[in-house]
Each structure stands twice: as structure tokens, then as C-alpha cells.
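This briefing is intended for a reader who is new to the structure shown below.

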Amino acid sequence: MSDLETLESEILAAVAAAASESALEEVRIATLGKKGSVSERLKMLGKVSPEERRELGPAINGLKARVGEALAARKAVLQEEALTARMEAERVDISLPLRRPPAEEGRVHPVSQVIDELTAIFADMGFSIAEGPDIETDHLNFTALNFPEDHPARDMHDTFFMHPRADGERMLLRTHTSPVQVRTMMSQKPPIRVITPGRTYRCDSDQTHTPMFHQVEGLVIDKGSHIGHLKWVLEEFCKAFFEVDELKMRFRPSFFPFTEPSMEVDIGCDRSGGEVRVGEGDDWLEILGCGMVHPNVIRNCGLDPDEYQGFAWGMGIDRLAMLKYGMPDLRAFFDADVRWIEHYGFRPLDLPTLFGGLSR
Amino acid sequence: MKFTLSWLKDHLETDASLDEIVETLTRIGLEVEEVTSPADRLRPFTIAKVLEARPHPNADRLQVLSVDAGDGAAPLQIVCGAPNARAGLVGVLARPGDYVPGIDVTLSVGKIRDVESFGMMCSERELELSESHDGIMDLGEDAPLGASYAEYAGLDDPVIEIGLTPNRPDCASVSGIARDLAAAGLGIFKENRPASVVGEGACPVAVRLEFGDTPPLCPAFGLRLVRGITNGPSPAWMQKRLVAIGLRPINALVDITNYITFDRGRPLHVFDAAKVAGDLVVRRGREGEELLGLDGKTYRFDDSMCVISDDNGVESIGGIMGGELSGCTEETTDVLIESALWDPVNIARTGRALGISTDARYRFERGVDPQFCLPGLDLATQMVIELCGGTATEVMFTGELPNSERMIDFPVAEVKRLTGLSLTTPEIKGVLTRLGFWVTGSGDTVKVAPPSWRPDVHGKADLVEEVVRIVGLDEVPATPLPNLSSVSGRVLTPGQLRRGQARRALAVRGLKEAVTWSFISRAQAEAFGGGRRDLELANPISPELSDMRPSLVPGLAAAAQRNADRGYPDVALFEVGQIFGDDTPKGQSMVAAGLRRGTAGFNGAERHWSGNAPAVSVFDAKADAEAALAAIGAPVDKLMVFAEAPAWLHPGRSGELRLGPKTVLARFGELHPRVLAALDLEGPMVAFEVYLDAVPTPKSKARAGRSKGALDTSDLMPVRRDFAFVVDEAVTAERLLKAARGAEKTLITGVTLFDVYRGAGIAEGQKSMAIDVTLQPRDRTLTDEDIEAVAASIRAAVEKATGGTLRG
């Protein structure tokens with residue numbers, strides 16, 4: 001074996017034996033470095049005869065190339081090994097649980113969500129939202145709405161009153177959102193289509209009554225809307241709100257001072273399972289009161305009841321929420337128990353729309 | 001209003017089934033609330049006879065009965081505590097396995113003081129027949145042993161209860177209900193008009209209506225004496241009907257008045273003539289006058305109330321309740337029967353003031369048929385003579401029956417206009433006529449006179465209601481509401497939009513939405529700057545809910561504390577709702593407020609492997625407030641923070657965000673320890689309020705479109721430089737940042753504060769604040785000289801504004 005062959009096999013053995021990039025670098029310096037064994041051989045070429053050079057030149061250059069390749073190959077292997085080792089060392093327990101993101105933690109109260117649902121439905125039918133103050137005058141809460149002087153709802157038992165003012169006027173907490181209907185009729189020109197969601201108050205407290213609750217009323221005033229339209233609006237609303245294709249509805253004659261004719265509306269439901277299921281079964285559940293706006297009310301708002309007509313309805317928002325989403329107890333709506341809000345509340349980004357469906 | 005099926009059929013000739021009747025009642029506005037057949041509950045109970053009653057060996061008040069159940073088997077041993085249990089009594093037996101409704105117990109074989117008992121003899125209350133618990137039922141010896149009690153007692157007559165709306169006094173009577181059903185096509189109404197009773201001689205007791213100059217509270221009063229009667233129990237058929245609708249039979253005279261009250265909606269009163277001294281005077285009560293009522297309670301009167309008095313004083317509360325002392329008993333031999341009219345509003349007021357609800361008040365306050373005042377008296381006289389014997393005098397009638405006649409011009413097209421229902425004139429006239437309305441004319445407009453028993457009908461719309469409810473609302477076709485436009489526009493007002501935006505932005509920040517009461521306690525209101533008298537309820541439902549809230553924070557704080565008390569100390573709550581500054585509409589405004597308790601910060605609460613959550617701080621509240629303001633489109637970059645806040649916040653850890661020097665858009669901070677202590681709250685609690693209505697509405701620039709304008713960027717690299725300034729403690733970050741930002745207007749695009757340092761190298765009472773300034777070149781790369789020029793102006797501006805110097 002020639003000297004070069006011996007050298008080559010020694011070098012390749014050293015390359016293969018290098019266990020780290022630094023060891024490999026030492027081999028490179030010892031071979032291809034300025035004073036390395038291969039470099040020394042190359043330098044010697046200048047000192048030999050042309051004949052020898054012709055023979056040795058390609059041999060040494062070949063050696064240099066092969067050593068270079070061997071070093072590069074080994075380096076790639078070592079880098080790969082080092083990277084693999086580093087990756088292994090950097091391994092984490094990806095099962096570690098993260099904190100729940102704030103948007104998952106937050107909730108929108110069912111009353112707010114249902115108001116958004118109502119808004120989505122009625123906006124589609126051309127209604128806007130009207131609002132008014134919670135502290136009302138006796139006139140707007142009762143008198144303008146055709147309540148006879150001694151109607152039981154004016155009783156201290158039902159209505160929260162403020163202390164009488166110096167001039168004797170006694171403000172009260174509105175017992176329904178109907179004063180907003182009066183305010184709307186007095187400030188807008190027909191055609192009017194509004195819904196009036198808001199807080200209402202009555203001196204009453206048990207499992208199904210709280211001293212504060214939410215109501216939404218609707219009002220349509222124009223020159224031609226009648227009970228047929230009222231039935232259509234409420235049927236369309238109920239189907240959309242309860243997200244059912246068919247819903248049995250029953251309109252019963254009833255009495256309210258501010259409407260004539262007056263009706264109460266029942267929807268078909270099933271009570272057999274302990275929970276009320278809307279849209280199934282043969283039972284009835286009363287959900288709202290409605291009627292044609294009383295001529296006296298239209299007149300009290302400065303409109304001529306022979307020219308203008310329309311209808312109104314009212315229902316409990318909390319009750320609608322309870323029916324749709326199955327809350328058993330009204331009082332819990334106002335208790336702010338985080339467990340209740342978490343369970344019955346809605347995710348912040350679940351905004352009800354008609355195009356995306358009202359609820360998940 | 002309750003009645004039985006057989007009772008209804010006294011006034012309605014019909015083949016309709018119970019189901020048809022019930023369905024029709026609801027359809028025409030007489031909503032059926034319940035149909036019960038007492039027989040169903042009472043099915044197991046049979047008639048049995050007590051053969052023997054011996055003292056209980058171990059108890060003084062108990063007896064051991066031997067009872068023949070009438071089934072041929074051996075007598076049953078039953079332990080009984082009723083004082084009236086005796087040998088020979090025929091009563092009602094419940095056996096082991098039977099459910100006794102009045103005590104809500106299913107019987108089993110019992111052992112009472114060591115004596116076995118195989119059932120019980122029942123009282124009326126135990127069978128829910130009445131409230132009577134004086135002893136066990138005593139049916140009389142002729143009751144058939146072993147027979148079903150319900151059958152024997154005729155209790156298999158279904159009882160129908162309707163929820164009567166206040167406008168229909170005519171249907172507070174069985175006959176009125178029958179008339180409505182007949183009008184709806186369910187049979188023929190039997191008029192049953194009482195024949196007039198010819199009396200002998202004048203009524204010896206005179207009646208005077210004495211109201212002086214004040215409005216008469218009793219327009220008409222009829223009185224008649226029936227002499228020589230024998231008052232005993234009323235006949236079984238009458239008692240059964242009264243019991244079925246929940247009334248307790250008393251004696252024939254009283255039962256007749258109750259019966260006619262329900263049968264015809266005509267309340268009456270009977271006085272024992274022997275106990276009436278002198279004439280009857282109907283007048284206003286006098287301050288301090290009292291009466292022991294038939295219910296055993298004493299009532300005091302004033303001059304707003306109407307009473308009937310004689311020489312002894314007040315004998316009756318007119319139209320509401322009679323007096324105990326002049327009432328009829330089994331000993332009564334001469335009876336005065338009263339049929340009068342009363343002012344409905346005054347009846348309602350008096351009944352409310354005295355807290356009396358009677359069947360008479362119920363009818364008079366709704367309005368009874370004035371034309372039936374005297375026929376009702378005749379009917380009562382007739383029944384008294386029939387059941388108790390005696391002879392009647394003539395009627396003593398005082399006052400005047402009010403004329404309730406009125407004529408309504410009724411364009412028949414109103415039916416179509418208001419309901420959409422197409423009916424012919426004869427159909428419309430037919431319905432009204434069947435209901436007792438007088439109708440004349442055949443053109444477009446007919447004349448209609450409502451009957452005397454319908455005080456609720458005044459105008460065209462009322463007549464439309466009568467027609468549509470009898471024809472049936474089901475006949476009205478649902479009609480689509482015409483579209484006002486093809487695509488609906490925006491319907492929410494800016495205020496409504498803001499509430500929604502704030503709500504969802506806060507929920508996204510992990511806060512849970514609460515809805516708390518609009519009223520809070522006085523202590524809470526006062527602690528949060530409220531407590532004005534005009535915002536205090538005159539009649540709160542509880543002292544905890546007495547004042548309209550001046551802030552949402554007290555309600556949220558109380559809610560957070562409730563959660564903490566339940567074991568959930570780290571909660572983040574918010575509410576979007578109204579607060580009250582005074583009792584006018586302008587005093588009410590909309591607020592978005594939130595509260596974080598414990599460690600419930602934005603990044604999560606409690607301990608966690610990634611780092612434990614710190615206690616909530618003023619900056620959590622500030623971040624929430626700023627997020628809500630940003631979400632509603634407030635000009636957040638123009639806001640200034642002021643370290644001034646209301647007394648309910650920690651003075652050193654709170655602030656206000658203002659637009660300009662005066663407009664407060666938000667407040668935030670840590671709740672003051674004094675407030676926590678006063679309201680029994682445990683901190684840490686931080687809270688904020690954003691005043692949604694205070695944020696100015698962006699001027700609706702008459703802009704051509706919604707374009708956001710072109711994006712202006714530069715291709716040149718931004719340059720960033722850090723500066724650290726040493727300033728006095730009192731220098732706020734806002735002051736320093738504002739100075740730095742304003743130092744140069746074109747190149748500086750951003751200044752952030754990245755470090756606040758106190759300690760080694762910095763003198764006591766001073767701090768180092770380090771800022772990172774971004775310079776964005778516009779048209780050429782910046783030279784070192786350019787950058788140094790900007791740096792110099794920043795140093796100068798900060799020094800001028802804060803006195804700070806560059807940290808060495």
C-alpha cells in the first residue's frame with residue numbers, strides 16, 4: 001500500500017470516528033488545514049520533478065477531494081444527530097392544560113341574547129326598537145292607556161310608586177312597556193312599526209314573579225293593519241323565535257284596557273316530560289296578550305282612530321327565554337350566580353342572526 | 001267564576017258535550033281554567049255507620065269505634081278523635097289504601113296508643129268539601145250504607161271554573177254564561193225571568209238615602225219584608241251546588257242570597273228584621289264607626305265609605321258585606337231582603353281599603369245589571385217563600401235606577417277594517433241580537449243599543465270585539481304584513497348599538513353578564529352617591545330594594561360577594577343597564593359596568609402551572625373600561641386620564657377617563673375599603689363604569705360613502721430609539737408620553753413606555769421611565785444628524801414638561 005493510500009485510510013477512519021462537530025473540525029484542521037497532512041502533501045508537489053508531479057498531482061488532489069467529501073458527509077450526519085438530540089431535549093408535556101381564553105370565559109345574559117334574537121326577527125319585518133324611561137308618569141303608564149280610574153293594576157299592591165312630588169304628582173315605576181307605545185305614537189308619524197323591550201316592575205315576588213322583569217311589546221299603527229296581520233306577525237315571530245317549522249297557535253278573546261278587541265295567545269306544547277316543549281304535544285301555553293289598539297288610546301296620542309288603526313302585543317322576555325332555553329326559575333335571572341350564567345348564558349361571539357340561525 | 005254542568009243547563013238547553021262546552025267557552029273569551037269532577041277524588045269513600053263508640057283505654061280524647069261498612073263483612077275497629085263520633089252516626093269511611101285529599105295521606109292500618117285502627121271516619125275538610133273540621137261528617141240515618149258517598153251526595157256534576165276578565169260582570173253569573181254560549185250556537189238560552197211577587201201591605205221599614213251634597217254612593221235601594229218564615233238548612237240540591245263551587249251552606253236565607261249571586265250575578269243581603277231598629281239609612285260612614293262583619297272581623301269606617309245603618313248604628317257595609325249582629329240565623333222569623341245598586345268605583349275603593357273580598361264586591365265593582373235590581377228581589381222573595389214559607393210585603397224602593405241606555409252608530413264595515421273578517425250585515429246583526437243587543441237598520445251603518453248587563457260596551461270597537469269573539473278568531477285569516485321596503489335598513493339607534501357593542505366586548509374579555517335589580521338598598525345607594533328622596537320607592541317590596549340605583553357597581557359587588565359566599569371567590573361580572581340621577585327621563589342613563597373580584601383578571605384566575613394570577617388591580621379595571629370605550633367607537637386616543645374619582649373608589653388607585661376637561665366617559669379603580677366595610681363586602685374588588693350616553697355621537701359627515709380612504713405607508717425602514725428619563729415620583733406617565741409624542745410631529749409615529757424603575761442608581765423620590773420611540777422616515781433614509789435632531793427635541797420636550805433628565 002502506498003503512502004497516500006495509508007494516509008487516506010487513516011484520515012477516513014478518523015473522520016468516521018469523530019463523534020462531534022468539534023472533533024470533526026480537528027480532523028479537518030489536521031488534514032485540510034494550513035498545516036494539515038493533505039495540505040503538506042500538496043505543498044510538496046512544488047518541490048518534486050514534473051514527472052513526479054504529473055503522477056502525484058492527481059493522486060493528492062483526488063485525496064483532498066475525497067477527504068473534503070467525507071468531512072462534509074460526516075458533518076451532515078453529526079448535525080442531524082445533534083438536532084435530533086436537541087429536539088429530544090426540548091420535548092415538553094403538551095398535555096399541560098392551558099387557561100381558558102377570556103372569550104370562552106365570558107357570557108352574555110340570556111335576557112340580552114333573547115332581546116338580540118327578537119331584534120333580528122322584527123328588524124326583518126321592518127320594526128325598529130323604541131325605548132322609554134323606567135320611572136314614568138301615572139298618565140303615560142295608565143291614563144293615556146285607557147285604564148279606568150280604579151283599575152286593580154293601579155292598586156298599591158301591583159305598582160311601585162315614588163314619593164309624591166311637591167306638586168302632588170306621583171311618579172311610578174312602569175308596570176309594562178306600554179308607555180313607550182304612547183311616547184312613540186306622540187312623537188312619530190304613522191306608519192309605525194316598533195318593538196319596545198325593557199325593564200318593567202311590579203310589587204310581586206314568587207317563583208314565577210319577580211319585582212323586576214323584562215317585557216317586549218310591539219306596535220303597528222297605519223291605515224289598514226288588522227287582526228289578520230296581527231295573527232300573521234305573531235305566527236311568523238313564534239316560528240322564527242322557537243326555531244320550529246310548524247307551531248299550533250290559539251287566539252282567545254280576552255280583555256285589556258288598551259286594546260279592543262283584545263286577545264290572549266296560546267301556543268301548542270307538550271308538558272309530559274316535566275319540561276315544556278314548544279311545538280309538540282296537545283297542551284296549550286299562554287305566551288302573550290294582544291289586540292287592536294283601543295280607539296281611546298289612539299285618540300289620547302293625538303291621532304284619529306277613524307283614520308289610523310293598528311295592533312299591539314306584549315310578552316315577557318324572561319318567560320320567552322325560560323321557554324326556549326329551559327330555565328326553571330325566574331328568580332335566578334337576577335341572582336348573578338356565575339354557575340347559572342355560565343350554563344344558561346351565551347358565548348360572546350354568538351350573535352343571533354336570521355342568516356346564521358338565532359341559536360346554535 | 002265556578003259553576004256546575006247541571007247548573008248551566010238550568011239556563012241553557014243544549015245537547016253539547018262537556019268537551020264542546022269547555023272548548024267553546026275558551027273560544028269566546030271565557031277561558032276555562034279548570035274542569036274538576038269531585039267524584040273522581042272521592043270515588044273510594046263509602047257511607048258507613050258507627051255501631052259502637054267506646055272510650056280509648058289509653059287516651060282521654062280518643063274513642064274506639066266499631067264501624068259497619070255496609071259490605072256485609074265484620075265491623076271495622078277505628079280509632080277516632082272527633083268529639084261528635086257516637087253510636088248510630090252515619091258518616092263517610094276511608095279505608096287503608098285510600099288517599100285522603102284534605103290531609104294528603106294514603107291511609108294504612110295504624111296503631112294509635114296501642115289500639116289498631118283500620119281506617120278513618122272523615123270530616124268535610126279531610127275530603128276537601130269545606131273548611132269545616134268541627135267533627136266527622138254526619139249524613140243522617142237514611143244515608144245508604146256501603147254506597148259511594150260521591151254518588152249519594154250528587155258530586156258527579158263536573159265543576160267548571162272560568163277565568164273571568166274584569167270587563168264581563170254579566171258572566172259572573174251562570175245565566176250570563178249560558179247566554180254567551182247560546183249566542184255562540186251551543187243551544188238555546190232560557191230566559192227564566194222571575195215572575196213579580198205581589199206583596200201584602202207596605203214594607204214597615206223605611207229606607208232613606210242620605211248623601212247630602214256629596215255624590216250618591218247608592219243610586220237605588222229595594223227592600224222587602226217576608227214575615228213568618230222558618231229558616232233551616234237549605235234544600236240538598238242547593239247545598240250541593242254551593243258546595244261544588246266552594247261555598248259553605250249556612251242556612252236557607254243566606255244560601256238563597258249566595259245562590260242568586262252566582263245564578264244571576266245579583267248580590268243580595270238579608271237582615272233579621274227583629275234585629276233592625278228603626279229605619280235603614282244609607283249614608284257615608286262616620287270616622288270611628290265600627291261594624292263586626294259576617295266574617296267575624298271588626299271594620300272601621302270613614303266618610304269615603306258607604307254603610308247601611310239603623311238606630312243601633314252601622315248594620316252593613318253597603319254592597320260588600322253584612323254585619324254579624326243583624327244577620328239571619330235559624331231563629332229568624334221575619335227577614336228583610338235588600339236588593340240595591342252601588343257605585344262601582346266606591347265599592348272597589350272601599351273593598352281595597354278594608355281588605356275585604358266578597359262575591360258581592362266582585363260583582364258590584366265590575367257593574368251589575370241595574371235593570372235586574374227589582375227582578376232579583378222578586379226572585380229572592382219567591383225562593384224565600386218557597387223554601388221558608390211566610391208572606392211578603394210590597395217593595396220599599398228608594399232612589400232611581402240609572403239610565404244606562406246608549407245608542408252606538410255602527411258602520412258594519414268596521415268589522416272588516418279592524419279584523420279582516422268578511423261578514424254580511426245579517427250575520428253581524430245576528431250575533432249582536434243573540435247577545436241581547438238591540439239592533440236596527442239595514443244600511444252601511446246600523447244602530448246598536450247594548451243591553452243593560454253590558455256596561456263594558458261603549459263604541460264601535462267593542463261591537464267588533466263582540467262579533468269577532470262569537471264568530472271565532474280562528475275564522476280570521478292570517479294576512480302578511482306588507483313590506484315597507486325590500487331590504488330592511490339599520491333599525492338600532494346609536495345608543496342601542498353601543499350597548500350591544502360594549503356587552504359583547506366585555507364578554508369577550510371574560511366577564512360574565514349579570515342582570516341585577518334596578519333598585520338597591522338605601523345603604524348601597526348612599527355609598528355610591530345616591531339616596532335622593534325622589535329616587536326612593538314609597539312602597540318597596542323589601543328594604544333591600546328601596547332606592548333606584550345611582551350606579552351599577554353596588555349591585556355587581558353584592559353579586560360578586562354572593563358568589564364568593566357560595567365558594568366562587570374569583571368572579572368577573574358586568575352589566576349593561578340604566579342608572580338614575582333623578583326621576584325624570586333625562587335623569588336616566590345607560591352604563592356598562594364591570595367588577596372583578598379576587599384574582600379574576602383578564603388572563604384568568606387562581607393558581608396555574610404557567611403562573612399564578614395576581615390579585616386584581618386598578619389596571620384590570622382600566623383595561624376593561626378602555627376596551628368597552630374602544631368597542632363603542634369612543635375617541636380613545638383623545639382621552640385623558642384624571643386621578644380624580646368618586647368617594648367609593650380608592651383615592652390613590654382610581655381614575656376617570658375624560659374627553660376634554662369635563663366630560664367623564666368612564667371611571668375605574670379599586671373599591672374603597674370604607675365602602676367594602678360598610679356594605680359587608682370582602683375585597684379585593686376593582687370596578688369600572690362606562691357612561692355610554694356621555695360618548696359623543698360621531699357627526700354624520702354628509703359623506704358620499706363609507707370609504708376608509710387610501711392607506712398611507714412608507715417603504716423606508718422605521719428607526720427605533722430608546723430613552724430613559726429620571727423624573728420625580730409625581731410625574732405621570734401620561735405627561736411624559738404626551739411630551740415625547742409632541743416633540744416632533746412628522747417623524748414620530750409611536751412612543752411606548754417599556755420600563756418604570758426605582759432603586760439603586762436612582763435617587764429617593766425619583767423614578768426612571770424608559771420609552772421606545774419609533775421614527776418613520778417619509779421620503780429619504782434618515783441620517784445620524786436627522787436622528788440626533790429628533791432625539792434632542794424629545795429630550796428638550798420631556799425636560800420642559802416633566803423636569804426629567806436623561807438617565808446617565
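Chain B has an average pLDDT of 93, and 99% of its residues score at least 70. The model is a predicted one, with an ipTM of 0.91 and a pTM of 0.87.

**Contact between the chains**

- On the side of chain B, 77 residues are in contact with 68 residues of chain A.
- The elements of chain B that contribute two or more residues to this side include the helices H2 (18-27), H8 (344-354), H11 (413-419) and H13 (460-471).
- Helix H14 (494-508), strand E30 (512-513), helix H16 (553-565) and strand E33 (572-580) of chain B also give two or more residues each.
- By class, the residues of chain B that touch chain A comprise 36 nonpolar, 24 polar and 17 charged.

**Helix H8 of chain B**

- Within H8(B), the buried residues are Pro344(B), Asn346(B), Ile347(B), Ala348(B), Thr350(B) and Gly351(B).
- These buried residues pack against strand E21 (306-310), strand E22 (313-317) and helix H9 (359-366) of chain B.
- Gly355(B), which lies just after H8(B), adopts a positive phi of about 70°.

**Helices H14 and H17 of chain B**

- H14(B) packs with helix H17 (residues 618-631) of chain B at an angle of about 140°, and their axes are 8 Å apart.
- The two helices, H14(B) and H17(B), are therefore oblique to each other, since an angle counts as roughly antiparallel when it is over 145 degrees.
- The crossing of H14(B) and H17(B) is right-handed.
- From H14(B), Gln501(B), Ala502(B), Ala505(B) and Leu506(B) take part in the contact, where they meet Asp624(B), Ala627(B), Ala628(B) and Ala631(B) of H17(B).
- The contact of H14(B) with H17(B) consists of six nonpolar residues, one polar and one charged.

**Helices H12 and H13 of chain B**

- Helix H12 (residues 425-434) of chain B crosses H13(B) at roughly 95°, and the axes come within 10 Å.
- H12(B) is therefore roughly perpendicular to H13(B), a term that covers angles of 65 to 115 degrees.
- Ile428(B), Val431(B) and Leu432(B) are the residues of H12(B) that meet H13(B), where their partners are Leu463(B), Glu466(B), Val467(B), Ile470(B) and Val471(B).
- Seven nonpolar residues and one charged residue make up the contact of H12(B) with H13(B), with no polar residue.
- H13(B) is also among the elements that give two or more residues to the side of chain B that touches chain A.

Conventions: Residues are numbered from 1 along each chain as its sequence is written. Chains are lettered from A and ligands numbered from 1 in the order in which they are written. This is a predicted model: local features need pLDDT of at least 70, side-chain atom pairs count only at pLDDT 80 or more; totals for chains, interfaces and linings use all residues. Two residues are in contact if their C-beta atoms, placed from the backbone, lie within 7 Å. Helices (H or I, at least four residues) and strands (E, at least two) are DSSP runs, numbered from the N terminus. Ala, Val, Leu, Ile, Met, Phe, Trp, Tyr, Cys and Pro count as nonpolar, Asp, Glu, Lys and Arg as charged, and the others, Gly among them, as polar. Axes are lines fitted to C-alpha atoms, for helices over the stretch in contact, and angles run from 0 to 180 degrees between N-to-C directions. Angles under 35 degrees count as roughly parallel, over 145 as roughly antiparallel, 65 to 115 as roughly perpendicular and the rest as oblique. A crossing is left-handed if the near helix is turned anticlockwise from the far one by less than a right angle, and right-handed if clockwise. A residue is buried if 20 or more other C-beta atoms lie within 10 Å of its own, exposed if 12 or fewer, and partly exposed in between; C-beta atoms are placed from the backbone. pLDDT is the predictor's confidence in each residue, from 0 to 100.
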